[in-house]
Every structure is written in structure tokens, then in C-alpha cells.
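Thanks for coming, everyone. I will keep this brief. Please have a look at the structure first.

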Amino acid sequence: MGMDQDIAEVLYSEKQLQRRVAELGAQISRDYEDKEDVVLVGILRGCYVFMADLSRYITIPCRMDFMSVSSYGKGTSSSGQIEIKKDLSDTINGSHVILVEDILDSGNTMDYLKKVLSVRNAASIRICTLLDKPERRTKPVAADYYGFLVPDAFVVGYGLDYAEKYRNLPYIGILKPEIYE
């Protein structure tokens, strides 16, 4: 039994994702072409597919680091409680930081991370998210770069999960409600 049967609708195909990620990589490359010390900071675990692809489309030198934070547990909505489970490996003092996220939903995690990282003297902090759900925002956080606006539905694939499953789907789809209810 495959995972495809649990998907109600494919929102973005593999080809659509690759085309848009290439556009984001080109835009970031243009915006940062005159900057020294650009750091992509991936927010694990959901970012891993997006960040790997995005980084291959960025044509300027950049470092990569990762953070792991928890705000969901095994549920389908943010608990609002943010906990850093893995912090950065290197300093970001004077660096141009691009936070790479799979989905910007409530904004709680990004609001928290921007506050935490701003005291570490980064030259700039911007957000690049593959998916943006602005109607779910509870914090005043906006993406500087986003791939797609998505409806208020539970989406999986291309790194996004439900209970740690479905991350390896090559597309982004809406999970059937009976799977998580």
C-alpha cells in the first residue's frame, strides 16, 4: 500500500516545485550577490528537501547550518510552545542569515527564531519558506521569499510530514482528513 492513496489532492507537482525553487534560488542569488558571509539556516526536519534543492540553485557562496525546533509534537497544529532541540553549529555574528523553512503557518516559530537570532549580531535575517499560509498567522511575521501560498489544509510531501510520515513524497498534497482525525 502506497502513500498516494492517503492524498486527497496534489497541490504542487514535482515539476512545479522544481521550477519555483529554481526561481527562488535565482532571486536570492541576485539579492545577495554583493554580500559576504551568507548563511542558509535550515529549520529541521521539514526543510531538508527544500533546502537541498534551493541550495543547488543559489549561485553565490554560502554556508549552511541547521536548527531543530519543536512546536508541533505529533499533532496537526502548533502548540505555541517553542523549544530549540538543536542550535546552530557556528556563529552568525556579522552574517546574512536566511532562515529556510518548509511552511510558514502561525508564525510562532519564525517569530521566536528571529528574536533569538537577532541578539547574536547577524547583519540581516530573512525568511525563505516553501509554503506560506498567511491566513493562519498569529504573529506578525512575513516571508521575504516564498514558493507558494497554500490553503488552510493539512499538506504533506517534499519534506512536510504528518507524524513523521509522507516527507518523501516528491510532490505536495493535501492529506485526507480521515488519516489524521
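Let me start with a term: a residue is buried under 20% relative accessible area, exposed over 50%, and partly exposed in between. Keep in mind that this is a predicted model.

Now take Arg-136. Is Arg-136 buried, exposed or partly exposed? Its relative accessibility is 28%, so Arg-136 counts as partly exposed. Arg-136 forms a salt bridge with Asp-152. The closest N and O atoms are 3.7 Å apart. This pair links distant parts of the chain. Arg-136 is in the loop between strand 6 and strand 7, and Asp-152 is in the loop between strand 7 and strand 8. They are 16 residues apart. Asp-152 has 47% relative accessibility, so Asp-152 is partly exposed too.

Next, Lys-133. Lys-133 also sits in the loop between strand 6 (124-132) and strand 7 (145-149). Lys-133 is buried, yet has no salt bridge. Which side chain of opposite charge is nearest to Lys-133? That is Asp-152, 4.0 Å away. Beyond its sequence neighbours within four places, Lys-133 is in contact with residues including Ile-103, Leu-104 and Val-150.

On to the other salt bridges. The count comes to 14. One of them joins Arg-45 to Glu-164, with the closest N and O atoms 3.1 Å apart. Arg-45 lies in the loop between strand 2 and helix 2 (48-57), and Glu-164 in the loop between strand 8 and strand 9, so the pair ties together parts 119 residues apart in sequence. Glu-164 is partly exposed, at 38%.

Arg-167 bridges to Asp-161, at 3.3 Å between the closest N and O atoms. Arg-167 is buried, at 12% relative accessible area. Asp-161 is partly exposed, at 22%. Through shared partners, salt bridges join Arg-45, Asp-161, Glu-164 and Arg-167 into one network.

Three strands form an open sheet in the order 1-9-8, with antiparallel pairing. Strand 1 (7-12) and strand 8 (155-156) are the edges, each pairing on one side only. Strand 8 pairs with strand 9 (residues 172-175) over two bridges. Val-156 stands opposite Gly-173 in strand 9.

Last stop: Tyr-32. Where is Tyr-32 found? In the loop between helix 1 (14-31) and strand 2 (38-44). Tyr-32 is buried, at 2% relative accessible area. Leaving aside neighbours within four places in sequence, its contacts include Val-38, His-96 and Tyr-145. Cys-62 is 30 residues away in sequence, and 9.7 Å from Tyr-32 in space, C-alpha to C-alpha.

Methods. Residues numbered from 1 in each chain as written. Predicted model: local features only at pLDDT ≥ 70, side-chain atom pairs only at ≥ 80, totals over all residues. Heavy atoms only, no water. Helix = DSSP H or I, 4+ residues; strand = E, 2+ residues; numbered from the N terminus. Buried < 20%, exposed > 50% of the residue type's maximum accessible area, 1.4 Å probe, protein only. Lys, Arg positive; Asp, Glu negative; His and termini not counted. Contact = heavy atoms within 4.5 Å. Pairing = 2+ DSSP bridges.
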